[in-house]
2 protein chains.
Amino acid sequence: MGSPNSGATPRGGMETQGGKGGEFEAIARLRRRLPGPPEGEVWIGDDAAVLGPRAGRIVLSTDLSVAGVHADLELIGVDDMGWRAFTAAVSDVAAMGARPDGAVVAVAGPPATDLDLLYEGIAASSQAHRCPVVGGDLANSEELVVAVAVMGHVEGDPGPVLRSGARPGDHLVVTGPLGAAAAGLRLLRARPPAGGGATPGPGAGAGSVASTPGAPTADDLAVIAHRRPRARLAEGDAARLAGATAMVDVSDGLLADLCHLADASGVGFRLDEVPVSPGATIEEALGGGEDYELVVATPDPGRFEAALAEAGLRRPVVIGVCSADRSERTLGGEPTTALGWEHSWR
Amino acid sequence: MGSPNSGATPRGGMETQGGKGGEFEAIARLRRRLPGPPEGEVWIGDDAAVLGPRAGRIVLSTDLSVAGVHADLELIGVDDMGWRAFTAAVSDVAAMGARPDGAVVAVAGPPATDLDLLYEGIAASSQAHRCPVVGGDLANSEELVVAVAVMGHVEGDPGPVLRSGARPGDHLVVTGPLGAAAAGLRLLRARPPAGGGATPGPGAGAGSVASTPGAPTADDLAVIAHRRPRARLAEGDAARLAGATAMVDVSDGLLADLCHLADASGVGFRLDEVPVSPGATIEEALGGGEDYELVVATPDPGRFEAALAEAGLRRPVVIGVCSADRSERTLGGEPTTALGWEHSWR
């Protein structure tokens, strides 16, 4: 997992071997925080992780999180950033109807980065999503960047659900109401800074976000949705088995992600109504992203609903239908503008 | 592959959909630069890539490259940085004796980054190492960071070669002379800046580094070794099949990487002599790193040499032996100090 120096202006690194404050000591410490492999597998500590054979098809994806872009560390903890980065990557596997097998985590950051706290969030999401951290890399950089690559697989048939299989007449279904994560971010931005400075203290995790004792309010839940989102692995698997023709996770924003699905499938869509999370606005539900609910195209939404009910999962919501006219993209009869987030390149 | 905005101070990104200068247009453009999948597989463009089943054991690794730390863009082109980042990740798979199946490439960088040139280098290494780019992610950040995760596999027996299997009495063998990449960097640093500014022009690849017409000099070869290193996939595979007990690639520096192998195996080592690349110093051979030669522990170096000869590969060099005393780490009878590079963490 080490990385050599070959730059003209090395920053923060040092020539040493295994001492306190060094990369190898940090790796050894983080490794102790994470569970070890079963017999016959090798995870952290070699040139590459070794996993057993996987029947069926393999899926592979990567997702980037940049401090200040994907995570505002004046509003959330670096543990939350770790959770969010890991979850976003796992969500890509959920959106294929696959199950994750393992992830490799690459962290570039300033020497002052609290790696232990970052890995607390990574380890918590790893455990929650049953996706072990099997390897990684560490390097110094000016700003914190986390890249998580996840491998997963789909056993048997049907295979992974692509974005490109939707057909005219298929119903469009979401696995839950939208906009909570965006509402949570809005609420965090509106809060006065916490005492003791702009940086949330260590361990400011999902358990400590409630503003008042007792049952969490809609606002509390929105903040949790932003800080500790969940990937819909069981829902994605159920959708695949229930005959979904296309699927995407809501990471960029419902309309933006739906446009990806429609573009890939060569269809249009007519939306009737979109379920909005308590406390969120319709704009947040349509454009907010990062809820990680799944949007599923299926000719038989009743079958998907029954599959989710059988698994004890939340009832999905039919939001519209796919149409043959690929230029048709409406909500309540009005044309939609897909407001999503794009990074900018020359 | 998109990524949403949820930061307080988004830099460089924009709210749009698919237009010129946007993330999705960039992805579409890069996708055209890369080969597409065979029937039954899905590469770039969905939530995750879909690969066919792989018999045997799967290996998975990730490697980070940070501009200014791993690559000095005042000395080499951003295409070279792409090549180097991709090759370093593939080398981890070579060091297991495995073959790569596909890579996902996460790029965080300023909007002004020449993504096309970066991907020219990535695509060239991908083709040279027969490891397709099957997916990726793009995000804006202040400095250029490239994280490459590679999946590979080993079919049949013996399985992947770990760092931990060396035994006292095993011979230590390297697949070639060392220090060329470090010497190349030294030569680049000593050169007067090229006309037209500090940044090498686009396409300043391996073919254009020769300083004089005619056969490349040792200096030219050293510069090529720095800018366009090769992963030793065939050598790693041959070592595995010829009974290697442990293996590591020289990425941090020979002594540092040998210490990783010795630590993991619980052995010491006595080195007799180390082959030094033409034009390199002994210090560069021992500590330079990034040559990506493999260090192999084996009870039967003759068998490894015969396997390499049969494959038409360079003759390996026995450099020493593993010993039972794990505190013994000598070169020519003198204790060695493992000078390698570590990133720094609090």
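Visitor: B:Arg130 first: does it count as buried or exposed, and why?
Guide: B:Arg130 counts as exposed, because it has 11 C-beta neighbours inside 10 Å. Please bear in mind that this is a predicted model.

Visitor: Where in chain B does B:Arg130 lie?
Guide: B:Arg130 lies in the loop between α3 (115-128) and β5 (133-140) of chain B. The phi angle of B:Arg130 is near 50°, which is a positive value in a residue other than glycine.

Visitor: And in chain A, what is phi of A:Tyr292?
Guide: For A:Tyr292, phi is near 60°, again a positive value in a residue that is not glycine. This tyrosine is found in the loop between α8 (282-287) and β10 (294-298) of chain A.

Visitor: Is A:Tyr292 buried or exposed?
Guide: A:Tyr292 is buried, because 24 other C-beta atoms lie within 10 Å; the cut-off for a buried residue is 20 or more.

Visitor: Staying with the backbone, which peptide bond in chain A is cis?
Guide: The bond from A:Asp157 to A:Pro158 is cis, and its omega is near -10°. A:Pro158 sits in the loop between β6 (145-154) and β7 (171-174) of chain A.

Visitor: What is omega for the bond between B:Asp157 and B:Pro158?
Guide: Omega is about -5° there, and the peptide bond joining B:Asp157 and B:Pro158 is cis. The loop that holds B:Pro158 runs between β6 (145-154) and β7 (171-174) of chain B.

Visitor: Let me step back. How many helices and strands does chain A have?
Guide: Chain A has nine helices and 14 strands. It comprises 346 residues, of which 61% count as buried. Among the contacts in chain A with a separation of 6 or more, 85% are between residues 24 or more positions apart.

Visitor: What rotation superposes chain A on chain B?
Guide: A rotation of 180°, with 0.0 Å of shift along its axis, superposes chain A on chain B at an RMSD of 0.0 Å. That is the relation of a two-fold axis.

Visitor: How many residues are in contact between chain A and chain B?
Guide: 100 residues of chain A are in contact with 100 residues of chain B. On the side of chain A that touches chain B, strand β3 (residues 57-66) of chain A gives the most, with nine residues. By class, that side of chain A has 48 nonpolar, 31 polar and 21 charged residues.

Visitor: Why can one say that the copies meet through the same surface?
Guide: The copies meet through the same surface because 100% of the interface residues of chain A are also interface residues in chain B.

Visitor: On to helix packing. At what angle do α6 and α9 of chain A pack?
Guide: Helix α6 (residues 233-241) and helix α9 (residues 301-310) of chain A pack at an angle of about 135°, and their axes are 9 Å apart. That makes α6(A) oblique to α9(A). The crossing in which α6(A) passes α9(A) is right-handed.

Visitor: Which residues meet there?
Guide: From α6(A), A:Glu235, A:Ala238, A:Ala239 and A:Leu241 meet A:Phe304, A:Ala307 and A:Leu308 in α9(A). The residues of this contact divide into six nonpolar, no polar and one charged.

Visitor: Now chain B: which residues of helix α5 are buried?
Guide: In α5 (residues 218-227) of chain B, the buried residues are B:Ala222, B:Val223, B:Ile224, B:Ala225, B:His226 and B:Arg227. What covers them includes α2 (78-94) and α4 (180-190) of chain B.

Visitor: How do α4(B) and α5(B) pack?
Guide: They pack at an angle of about 105°, with their axes 7 Å apart. α4(B) and α5(B) are therefore roughly perpendicular to each other. The residues of α4(B) that meet α5(B) include B:Gly184, B:Leu185 and B:Leu188, and those on the α5(B) side include B:Asp219, B:Ala222 and B:His226. The contact divides into ten nonpolar, two polar and one charged residue.

Visitor: What covers the buried residues of α4(B)?
Guide: The cover includes α5 and α8 (282-287) of chain B.

Visitor: Last one: how far apart are B:Ala71 and B:His226?
Guide: B:Ala71 and B:His226 are 155 residues apart in sequence, and 9.8 Å apart in space from C-alpha to C-alpha. B:Ala71 has its place in the loop between β3 (57-66) and α2 of chain B. It counts as buried because it has 26 C-beta neighbours inside 10 Å.

Definitions and conventions:
Residues numbered from 1 in each chain as written. Chains lettered and ligands numbered in written order. Predicted model: local features only at pLDDT ≥ 70, side-chain atom pairs only at ≥ 80, totals over all residues. Buried ≥ 20, exposed ≤ 12 C-beta atoms within 10 Å, placed from the backbone. Helix = DSSP H or I, 4+ residues; strand = E, 2+ residues; numbered from the N terminus. Contact = placed C-beta atoms within 7 Å. Axes fitted to C-alpha atoms, helices over the stretch in contact; angles between N-to-C directions. Parallel < 35°, antiparallel > 145°, perpendicular 65-115°, else oblique. Left-handed = near helix turned anticlockwise from the far one by under 90°. Nonpolar A, V, L, I, M, F, W, Y, C, P; charged D, E, K, R; others polar. Least-squares fit on C-alpha atoms with pLDDT ≥ 70 in both.
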